[in-house]
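Thanks for coming. Please have a look at it first.

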Amino acid sequence: MTTARASMQDLLGAQNEIGWHNFLFGLVAKEWAILQQKEYKRQGSRRTGKRWVTALIRKLWDISWDMWMLRNRALHTGDKVEEFNDPETLENAVRSAFD
């Protein structure tokens with residue numbers, strides 16, 4: 001087994017112990033930062049694994065927030081998924097949102 005593969009298995013094992021539900025709340029295993037720091041060092045980058053983990057947690061929270069807002073909009077404004085069963089209606093809605 002390669003070192004990178006072993007490190008990834010250690011990382012996943014550590015996160016399994018903490019729990020993946022907790023991962024979504026920002027409780028991540030320290031191995032995430034360690035493994036990313038090793039990769040940055042290999043690349044000769046001055047970035048840090050700790051900042052990478054901070055950005056990862058922030059992105060997870062942003063995604064969760066967006067999902068929550070989408071859910072609320074669908075629930076409270078009648079913006080239902082069923083309205084977009086017709087491919088033409090869906091395409092028009094996507095074009096409208098893009099514009």
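Predicted model: local features only at pLDDT ≥ 70, side-chain atom pairs only at ≥ 80, totals over all residues.

Setting aside the neighbours within four places in sequence, Gln-15 is in contact with Trp-20, Phe-23, Leu-27, Val-28, Ala-29 and Trp-32. Gln-15 itself is found in helix 1, which covers residues 3-18.

Is Gln-15 buried or exposed? Its relative accessible area is 0%. The cut-off for buried is under 20%, so Gln-15 counts as buried. One of its contacts, Leu-27, also comes up for a polar atom. The backbone oxygen of Leu-27 lies 3.3 Å from a polar atom of the Gln-15 side chain.

Now to the helix pairs. Two packed helices are described by the angle between their axes and by the distance between those axes.

Take helix 1 and helix 3. Their axes come within 9 Å and cross at roughly 160°. Angles over 145 degrees count as roughly antiparallel, and helix 1 and helix 3 are therefore roughly antiparallel to each other. The crossing of these two is left-handed. On the helix 1 side, the contact is made by Ser-7, Met-8, Leu-11, Ala-14 and Gln-15. On the helix 3 side, the residues are Glu-31, Trp-32, Leu-35 and Lys-38. Sorted by class, the contact of helix 1 with helix 3 has 5 nonpolar, 2 polar and 2 charged residues.

What about helix 3 and helix 4, and how do their axes cross? Helix 3 is residues 30-43 and helix 4 is residues 49-77; the axes come within 7 Å and cross at roughly 125°. That makes helix 3 oblique to helix 4. The crossing here is right-handed. From helix 3, Trp-32, Ala-33, Gln-36, Gln-37 and Tyr-40 meet Gly-49, Lys-50, Trp-52 and Val-53 of helix 4. The residues of this contact divide into 5 nonpolar, 3 polar and 1 charged.

Last, the chain as a whole. How many helices and strands does the protein chain have? The count is 5 helices and 0 strands, and along the sequence the pattern reads α-α-α-α-α. The protein chain has 99 residues, of which 17% count as buried. Among contacts with a separation of 6 or more, 27% are between residues 24 or more positions apart.

Key:
Residues numbered from 1 in each chain as written. Heavy atoms only, no water. Axes fitted to C-alpha atoms, helices over the stretch in contact; angles between N-to-C directions. Helix = DSSP H or I, 4+ residues; strand = E, 2+ residues; numbered from the N terminus. Parallel < 35°, antiparallel > 145°, perpendicular 65-115°, else oblique. Left-handed = near helix turned anticlockwise from the far one by under 90°. Contact = heavy atoms within 4.5 Å. Nonpolar A, V, L, I, M, F, W, Y, C, P; charged D, E, K, R; others polar. Buried < 20%, exposed > 50% of the residue type's maximum accessible area, 1.4 Å probe, protein only. Polar contact = N/O pair within 3.5 Å; in protein donor to acceptor, adjacent residues only side chain to side chain.
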